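Okay, thanks for coming, everyone.

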Amino acid sequence: MTGLALAGGGARGAYQIGVYMAFKKCHIKIDGYAGTSIGAFNAAMLAAKRDKELLLFWQTVNIGLLLGLSEEYLKEINNKKINIEKLKESINYVKNIILNKGLSTSKLKALLEELDIKKTLYASEKDFGLVTVNASELKPLYLFKEDIKPNLLNDYILASCYLPIFKMEKIVDDKFYLDGGFYDNMPVNSLLKRGYNQVYAVDLKAIGIKKKYLDKEKVIVIRPSRSLGSILTLNQEKINNNIKLGYYDGMKVLKKLDGYKYIFKKRNDWYYKFLLREVNKKMLGDMKKFFGTKDSKKLIIKALEYVMTKEKYDYYHIYAPYEVINKIKKSSNNYGVYRFIKYLKII
């Protein structure tokens, strides 16, 4: 069985639906999902076979309103022009949130009610699990869908996402709960214990405790190649870019593609050694020193990415190495790394 473990990380969770779309593109079947915090929400939707709805959610979500922040406040914190009077109003607004002992969860509850995940989750053959912490008893909970009564599903998903920024409320069985990330932000082991022979883990590089994997040979980690921004980002363009980044990072891992900042079609080591055949020893030595590697493949990829970054190449594309080399050869820049690339011999 193949499982997908989804870490917590607030608004960075958009990245995970992008990764899932890569699995879909590669026709890789996922048998079960486990998640923490926002990962629990994403996992529930995917296990319920609601991936199209989940994608639309992330493409249109207003994180600020979902967290109960007022539209006026959101406009101000997104306004690049500084207005002292408005700044004072914003500070007072935050003070009121603190005096009320946290943000309201009413919008989150309303969203979960509207989505009604239970209507398809319990009919699905897909496995689903989540992590939360029973704060009243200081007890971590790993729960799968057979452990959760359908009428309590929304409450447990909310419990898994319950950060201290929210107003403390009793959620299930008259008890307080905390975000599962306080105990296990990457619930890989819950799937391994369940008998999964391969688990893909989607990291969001967020704060939270990560347990040592019970069998790391069975775990493949997919993590962002670039910053996903704040866990409370309010920038919809950033969220949409994170979806795309998730897709391309996912494709890179699943298809074993090359690259660090960018993605290249897979080529063997001999191919890169072949490209270096007309580069003189001094230039080769200088480049190896500059990029800190003696490996031919790593050297050329790092050199290409160096120029691609300077030239602002699109991140969201899978490049063929020879296409990038040919394009750089046409550049008017004949110095440094550009000159090195121009010495690479394709044919």
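So, one term before we start: when I say two residues touch, or are in contact, I mean heavy atoms within 4.5 Å. With that in hand, take S296, which touches Y272, K273 and L276 once you skip residues up to four places away in sequence. S296 sits in helix 14. Is S296 buried or exposed? Buried counts as under 20% relative accessible area, and S296 comes out at 14%, so buried it is.

And keep in mind that what you're looking at is a predicted model.

Okay, the overall picture. The chain has 347 residues, and 49% of them count as buried. In secondary structure we get 16 helices and 10 strands. If you take contacts between residues at least 6 apart in sequence, 69% of those join residues at least 24 apart.

Helix 14 is residues 296–310, helix 13 is residues 281–291, and their axes come within 10 Å and cross at roughly 75°. That makes helix 13 roughly perpendicular to helix 14. Who actually meets whom? From helix 13 you have L284, M287, K288, F290 and F291, and from helix 14 you have L299, K302, A303 and Y306. Sort that contact by class and you find seven nonpolar residues, two charged and no polar ones.

Now compare that with another helix pair. Helix 3, residues 51–60, packs on helix 11, residues 236–254, at an angle of about 145°, with the axes 8 Å apart. Helix 3 brings L55, W58, Q59 and T60 to the contact, and helix 11 brings Q236, I239, N240 and I243. By class this one divides into four nonpolar and four polar, with no charged residues.

Next, a couple of fully buried spots. A201 is in strand 7, residues 198–202, and A201 has a relative accessible area of 0%. A201 and L4 are 197 residues apart in sequence, yet 5.9 Å apart in space, C-alpha to C-alpha. Beyond its sequence neighbours up to four places away, A201 touches A5, M186, V188, Y213, V219, I220, V221 and I222.

The other one is S160, in helix 9, also buried with a relative accessible area of 0%. Among the contacts of S160 are G35, T36, S37 and A40, and then V131, T132, D179 and G180.

Most residues other than glycine have a negative phi. S37 isn't a glycine, but it has a positive phi of about 60°. You'll find S37 in the loop between strand 2 and helix 2, and at 6% relative accessibility S37 counts as buried.

Where's another positive phi? L138, at about 50°, and again not a glycine. L138 is in the turn of a hairpin that strand 3 and strand 4 form, with four residues between them. Those strands, residues 127–134 and 139–144, pair in the antiparallel sense over six bridges, and N134 has K139 in strand 4 as its bridge partner.

Last stop: E169, in the loop between helix 9 and strand 5. E169 counts as partly exposed, at 24% relative accessibility. Not counting residues up to four places away, E169 touches T105, K109, Y162, K175 and F176. For T105, the separation from E169 is 64 residues in sequence and 9.1 Å in space, C-alpha to C-alpha.

That's my tour. Happy to take questions.

Definitions and conventions: Residues numbered from 1 in each chain as written. Predicted model: local features only at pLDDT ≥ 70, side-chain atom pairs only at ≥ 80, totals over all residues. Heavy atoms only, no water. Axes fitted to C-alpha atoms, helices over the stretch in contact; angles between N-to-C directions. Helix = DSSP H or I, 4+ residues; strand = E, 2+ residues; numbered from the N terminus. Parallel < 35°, antiparallel > 145°, perpendicular 65-115°, else oblique. Nonpolar A, V, L, I, M, F, W, Y, C, P; charged D, E, K, R; others polar. Pairing = 2+ DSSP bridges. Buried < 20%, exposed > 50% of the residue type's maximum accessible area, 1.4 Å probe, protein only.
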